[in-house]
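Dear colleague,

Please find below the sequence and structure that I am passing on to you. My notes on the findings follow directly after them.

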Amino acid sequence: MVAVKVLSNNLAVVAAIVTVLLWSSSFVVIRFVGETLSPGAMAFTRLAAGAVVLVVIALRYRRPVPRGRALGLVIGYGLLWFAAYTVLLNWAEQHLDAGTAALLVNFAPILVAVFAGFFMGEGFPKPLVIGILIAFAGVLLIALGGSGGSHNDELGIILGLITAVLYAAGVLMQKVALRTVDAVTATWVGCLAGLLATVPFAPQAIDELADASAGAITGVIFLGVGPTAIAFLTWAYALTRTDAGKMAATTLAVPAIAIGLSWLFLGEVPTPLGLVGGAMALTGVAISRRRSRTTADVPEPVATS
């Protein structure tokens with residue numbers, strides 16, 4: 001039993017790392033694809049690509065579709081996170097550089113940790129609190145230092161903060177749903193709910209894709225397969241095996257990685273403060289993943305499947 005639990009915890013860590021890397025890359029790809037596709041069209045195409053992959057995986061596992069309250073929670077988080085969040089983030093990145101967008105979105109882990117601690121009985125373990133404080137201080141340093149962008153405006157900042165709220169609400173709804181719904185089912189049903197909500201953008205997507213470059217089409221398909229299908233599956237898998245607050249704290253590494261990728265691929269050069277802040281964010285995430293002595297032997301909840 002101990003060996004199985006250790007393996008499960010290790011796999012959860014690997015799943016979290018995969019999620020962070022793919023979500024970090026999405027901020028850069030969205031900026032690139034956003035030069036060709038409008039926010040709604042990009043969201044619909046991304047979710048359509050992701051849904052194809054997820055439905056194929058769902059057919060392989062053949063798990064029952066949730067009902068009642070569980071189905072409502074899955075649909076709810078699908079509408080908030082897959083649909084509304086995706087459209088607004090695409091829109092925000094037309095007014096923000098990739099690094100700043102990642103910073104604003106990742107205020108969400110702070111909201112998740114606080115609400116999960118108060119309302120989901122997760123409490124505030126010392127490593128989590130210390131890790132969040134260090135990582136958040138790093139995020140503030142990155143914000144003060146900037147990330148090399150020159151076109152940020154107030155609308156982009158407002159949209160970025162709204163996406164953070166949607167992200168936090170989606171995580172909390174998903175965490176509750178995963179108590180009774182397996183990760184694969186929660187992800188594909190949530191993605192389909194988001195896809196259906198973005199169907200009104202389908203005609204626009206068809207028109208814009210007809211004139212899009214091969215690079216833009218490849219980019220939006222990557223967004224569907226990688227940051228959507230794969231990353232949400234690995235996220236859900238890890239979330240069923242750890243606390244919502246701890247998982248959300250892990251994503252505080254996303255801004256640091258996104259800034260590095262935007263520097264490499266978009267030429268958005270970070271400032272010295274940004275580099276120091278990124279290092280602090282990564283350090284804080286590492287600390288938040290540690291388990292306190294008082295809870296080291298207490299098994300973490302695992303959702304039934």
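The protein has 13 helices and 0 strands, where helices (H or I, at least four residues) and strands (E, at least two) are DSSP runs numbered from the N terminus. Read from the N terminus, the order of elements is α-α-α-α-α-α-α-α-α-α-α-α-α.

Please note that this is a predicted model, in which local features need pLDDT of at least 70 and side-chain atom pairs count only at pLDDT 80 or more, while totals for chains, interfaces and linings use all residues. Residues are numbered from 1 along each chain as its sequence is written, and side-chain values use heavy atoms, with hydrogens and water left out.

Overall burial and core

Of the 305 residues in the protein, 53% are buried; buried means under 20% relative accessible area, exposed over 50%, and partly exposed in between (1.4 Å probe, protein chains only). Among contacts (heavy atoms within 4.5 Å) with a separation of 6 or more, 92% are between residues 24 or more positions apart.

The largest nonpolar core holds 74 residues, and the members that touch the most others are Phe27, Trp81, Tyr85 and Tyr167. Such a core is a set of buried Ala, Val, Leu, Ile, Met, Phe, Trp, Tyr and Cys residues joined through side-chain atoms within 4.5 Å. Helix H3 (residues 68-92) supplies the largest share of this core, 10 residues. For Trp81, the contacts beyond four places in sequence are Trp23, Thr86, Tyr167, Gly170, Val171, Gln174, Phe232 and Trp235.

Helix packing

Angles under 35 degrees count as roughly parallel, over 145 as roughly antiparallel, 65 to 115 as roughly perpendicular and the rest as oblique. For handedness, a crossing is left-handed if the near helix is turned anticlockwise from the far one by less than a right angle, and right-handed if clockwise. In the class counts, Ala, Val, Leu, Ile, Met, Phe, Trp, Tyr, Cys and Pro are nonpolar, Asp, Glu, Lys and Arg are charged, and the others, Gly among them, are polar.

H3 and helix H8 (residues 183-197) have axes that come within 7 Å and cross at roughly 55 degrees, so the two are oblique to each other. Their crossing is right-handed. On the H3 side the contact involves Leu71, Val74, Ile75, Tyr77, Gly78, Leu79, Phe82 and Ala83, and on the H8 side Ala186, Thr187, Val189, Gly190, Cys191, Ala193, Gly194 and Ala197. By class, the contact of H3 with H8 comprises 12 nonpolar, 4 polar and no charged residues.

Helix H5 (residues 108-119) packs against H7 at an angle of about 40 degrees, with the axes 8 Å apart, which makes H5 oblique to H7. This crossing is also described as right-handed. H5 contributes Ala108, Pro109, Leu111, Val112, Phe115 and Ala116, whereas H7 contributes Ala164, Val165, Tyr167, Ala168, Val171 and Leu172. The contact of H5 with H7 has 12 nonpolar, no polar and no charged residues.

Ala168 belongs to this pairing and lies in helix H7 (residues 154-177). Ala168 counts as buried because its relative accessibility is 5%. Beyond four places in sequence, Ala168 is in contact with Ala108, Leu111 and Val112. Pro109, 59 residues away in sequence, is 6.8 Å from Ala168, C-alpha to C-alpha.

Helix H4 (residues 98-105) and helix H12 (residues 253-266) have axes that come within 8 Å and cross at roughly 170 degrees; they are therefore roughly antiparallel to each other. Here Ala98, Gly99, Ala102 and Leu103 of H4 meet Pro255, Ala258, Ile259, Ser262 and Leu266 of H12. The contact of H4 with H12 has 7 nonpolar, 2 polar and no charged residues.

Individual residues

Val220 is located in helix H10 (residues 214-239) and, at 0% relative accessibility, counts as buried. Its contacts beyond four places in sequence are Val33, Leu37, Met42, Thr45 and Arg46. The C-alpha atoms of Val220 and Met42 are separated by 6.8 Å, although the two residues are 178 apart along the chain.

Arg62 lies in the loop between helix H2 (39-61) and H3. Arg62 is exposed, with a relative accessible area of 68%, and has a positive phi of about 50 degrees although it is not a glycine.

With kind regards

Methods. Axes fitted to C-alpha atoms, helices over the stretch in contact; angles between N-to-C directions.
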